[in-house]
Amino acid sequence: MVGKFPAQDLSDAALGGPLTIQGDHFVDRYGRVIALRGLNVSPASKLPTEPNGLSHLTDGFFNHRTVTFAGRPFPLDEAPLHFRRLRAWGMPLVRLLVTWESLAHAGPDPNEDLDLEYIAYLKALVQLMPAYGIKCFVCAHQDVWSRYSGGSGAPGWTFEAAGLDIEAFTETGAAYVHGQDELRRATGLVDEREASGPFVWPSGYQKLAASTMATLFWAGDAFAPNLKCRRNPINGHGDAETVSIQTHLQDSFVEAFGRLADELAGLEACIGFESMNEPHRGLINLHNFHGWNYETDLHIGHYPTLAQSLALGSGYAQHVKFYVKSWPWPTRVSHKSFVDPKGRSAWLSVDSNASWEEGKHDMGECVWRAHGVWQWDEKKQVAVVPDETYFDVDHRPGREGTPIEWYRDFYGPFLEKFTERVSRKSTRQMNFVEPIPNEFIPPWPVRQIEDKDEKRQSQKQTYAVDTVIDTKRPSNFVYAPHFYDLNVLFSKHHAFMSVNVQGLSRGMFILNALYFGAQALRRNYRKQIGNVVRHGKASLGPVPLIVGEVGISFDINDRHAFKTGCYDKQRELMSALIGGMEDHQVGFTLWNYNPHNCFEYGDGWNKEDFSIINGDEDTEDNPHRQDYRNKAYENDELYRGGRVLDVVIRPYAVKIAGTPLRSHWNDQTLRYEFEWVSQGGGATAVQATTGTKSSLHIDDKDKSCLTEVYIPNYHYAKHDLRVTVSDGDWSYGADQQTLLVRHEPHTGKETRQHRLVVEICDVGKHTLQRVLARREAGAANFPFDLVSPQTEAWFDQADFSGELILLIFLAVVIAILAVGVHAVYGLA
């Protein structure tokens, strides 16, 4: 018999109590290592429900204080279906996206302005999760600061606090805002050379609005010490007070999520908070006023330098470089575009901005101009920067000229402040932390280093910023970096070659960064993910690692899959990504699960399309097609609309009585292998068993020796299984999608290695059916299209690499040509 709970059940009842951290692993009450996998839910949460916040729409866009996010990510009455899906898919960890705007769109005062209705909705959503075995952590989500600067996250009033006019951003080039840009294109003359696209939004990090706001949030005290704000005290007691812009923004942000944490404290499903999604340093440690760093900053579309952005934001026209996609470098300059704000300023006038305190500095002008960062040269028509090192040193009275560094001086202290607040009512909260995207986190010792020589020694590394974070590290620390194939994301194309962008951006010779074929694709990802893991351990020591975002664009290759139903290239990418993470035994939350995804608008945000489920109906009159591999499940609500689910849903050991060593799954033959090692502590092991399941009775005292493996019905329900274990007993229950393996306790401090293999008995029939389904769908698979289905199925069973098969094919072709040439010339 099997146990009371499915392997993929993460409820406290199934784990014997709360999930905890031990070294670099998550563990349950029985000391078993817990492998966490799940999904980001959902990008729809970036956008309000009223008015409809889809990023291509503009109606009511600037009414930022009266929006509502009620029903994001989905209505409560629909939640049971979505949670049943996650349970059935073996994806029981949710990275729950919540934006600052969704909590505090009405204003900065947490005592008056918080959206209590939305907080109550989120609490009710989390309360539903344990019944489905789901755990979650809340991600304070943002991209490019805010919807009003082209991304998501911060409320509109934050710009007003800094003196910025959100309605002037498109005219002044202060931000790329999807809907406003579409409106501009529909109502005005646009240079035909200046195409828009789904990956323009990241360029907003270097534009005036987002870069200014990030800088003020992290380091307003250091760089804009004269910018003050009036506010009511955070604790709700006393008279209005004057604080710095940095204090104003950070306190409001931290307290908004703190109030949410207070409501979720004690709910078993919520295991922690992530302080900020994909943080960005803004202008801190600026590369150059007159050019951005091509190695780290995506140059695409209109790309003014900071000096040009400052001028444009104050109404001065500039000739700005326009970048387009290219090869072998990601982008190149197409031309220079004349951007003319016609005197309009991105900065609010005095009477429209009541959040600044009178008399601190000249209001109604650029905050950086007011602080002497730049001046306008009327004769040359350029912004002049007196001090090129302005954003490298402190400007607070008494600290002038002191060098600053973002991770050490701003990010570390913010994380300490945030984690202390969200943990106030629950010390068990885990704290998820990530570095700037595509960077490795610098060293952050558990204890503070006082000795200068020791600190200097700990800084000796070349993979990250040359610094040491010396603030107190949060307790229950979880490292949560992101990983994407930036080449595919940006080019929207994948064929036979992949690129190690991580290596290229760090000086790798280009030929060493190229990989060819599906197996090489996995090696490429394995190498890059391995660097993320290795450098994370070097900087942080033994802490758990969850890849917080990882996923693929489904609209690659000119949306070919949508027209044909052939998602094989997307399947290849996803299989390599998950396989690369499995090779390093790291957990992950895929980006993303969005039931509102549709073919026309994707995820509804900046033309992105990452969801592994699509909400459109697959009807004859619909020109778009669902994934042919999911055809058999389109009438099942648990799997309907799934994309590449056949590689996302896969067997894995969820609760491991020991330490995982290796796992491998073949998505064509369904063969699964898993190896782990256990510590000694009991009796002797038993002989290996194969074939028919044994009689395995489970109770709590057995669980320290019990490994629970998720065996998805999506793949295995229609097959008889052949199970081989190196030692111990096993039991399988299809109704719970669970295989239990109990190894016998062993004595002393001895470690013992264990091995599990799961196979289907009719592998030949299965692989042939896969080949026939592919051919019926018209999906090309050169050179196998030239041979019989039985031959192709045999190659699938043999598990040859694609590169080897291609070499064999080429060798055969060459041999045939050689014979032909010999025959011709021999006869001659």
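# Briefing: contacts, sheet, cores and cavities

Outside the four places on either side of it in sequence, Gln626 is in contact with Gly565, Tyr567, Phe599, Asn614, Asp616, Asp618, Glu634 and Gly641; contact means heavy atoms within 4.5 Å. The model is predicted, so local features need pLDDT of at least 70 and side-chain atom pairs count only at pLDDT 80 or more, while totals for chains, interfaces and linings use all residues. Residues are numbered from 1 along each chain as its sequence is written, and side-chain values use heavy atoms, with hydrogens and water left out.

- Gln626 sits in the loop between β20 (587–590) and α19 (645–648). Here helices (H or I, at least four residues) and strands (E, at least two) are DSSP runs, numbered from the N terminus.
- The relative accessible area of Gln626 is 4%, so Gln626 is buried. Buried means under 20% relative accessible area, exposed means over 50%, and partly exposed lies in between, with a 1.4 Å probe and protein chains only.
- One of the residues in contact with Gln626 is Asn614, and the two side chains make a polar contact at 3.1 Å. A polar contact is a pair of N or O atoms within 3.5 Å; within protein, one must be able to donate a hydrogen and the other to accept it, and residues adjacent in sequence count only if both atoms are side-chain atoms.

**The sheet**

- Seven strands make up an open, antiparallel sheet, in the order β1-β2-β3-β21-β25-β28-β27. Two strands pair if DSSP finds at least two bridges between them.
- The edge strands are β1 (20–22) and β27 (729–733); each has a single partner strand, so one side of each is left without a neighbour in the sheet.
- Strand β3 (residues 33–34) and strand β21 (residues 652–656) run antiparallel and are joined by two bridges.
- In this pair, Val33 stands opposite Ile656 of β21.

**Nonpolar cores**

- The largest nonpolar core has 185 residues, and those with the most contacts inside it are Trp89, Trp100, Trp218, Phe257 and Trp368. A nonpolar core is a set of buried Ala, Val, Leu, Ile, Met, Phe, Trp, Tyr and Cys residues joined through side-chain atoms within 4.5 Å.
- Helix α8 (residues 208–223) gives the largest share of this core, eleven residues.
- Another core, of 21 residues, lies apart from it; Ile656, Trp676, Tyr716 and Trp730 are among its members.
- Not counting residues up to four places away in sequence, Trp368 touches Thr212, Thr215, Leu216, Phe223, Ala224, Leu283, Leu310, Val373, Trp374 and Phe391.

**Helices**

- In helix α2 (residues 79–88), the buried residues are Ala79, His82, Phe83, Arg85, Leu86 and Ala88. Their cover includes β4 (37–41), β5 (93–99), α4 (116–128) and β25 (706–710).
- After α2 comes Gly90, with a positive phi near 70°.
- Helix α7 (residues 178–187) has His178, Gly179, Gln180 and Asp181 buried, and its buried residues pack against α6 (169–172).
- Pro413 is part of helix α12 (residues 406–422). With a relative accessible area of 30%, Pro413 is partly exposed.
- Leaving out residues up to four places away in sequence, Pro413 touches Arg408 and Thr471. Pro413 and Phe273 are 140 residues apart in sequence, and their C-alpha atoms are 16 Å apart.

**Cavities**

- The structure contains seven cavities of 30 Å³ or more. On a 1 Å grid over the protein atoms alone, a cavity is a set of points where a 1.4 Å probe fits but cannot get out, and lining residues have an atom within 4 Å of a point.
- The largest cavity holds about 120 Å³ of space. Grid points are joined across faces, edges and corners, and a volume is the space filled by probe spheres set on the points.
- Its lining has 15 residues, of which Leu267, Glu268, Cys270, Ile271 and Arg428 lie nearest the centre of the cavity.

**Backbone details**

- The peptide bond from Glu50 to Pro51 is cis, with omega near -10°. Arg72 and Pro73 are also joined by a cis peptide bond, with omega about 15°.
- Pro51 lies in the loop between β4 and α2, and Pro73 is placed in the loop between β4 and α2 as well.
- Trp145 is not a glycine, yet its phi is positive, near 75°. Trp145 lies in the loop between β6 (135–141) and α5 (157–162), and is buried at a relative accessible area of 7%.
- Asp558 is not a glycine either, and has a positive phi of about 60°. Asp558 belongs to helix α17 (residues 556–564) and counts as exposed at 60% relative accessibility.

Note on methods
On a 1 Å grid over the protein atoms alone, a cavity is a set of points where a 1.4 Å probe fits but cannot get out, and a pocket is an open set with protein on both sides within 12 Å along at least five of seven lines; lining residues have an atom within 4 Å of a point.
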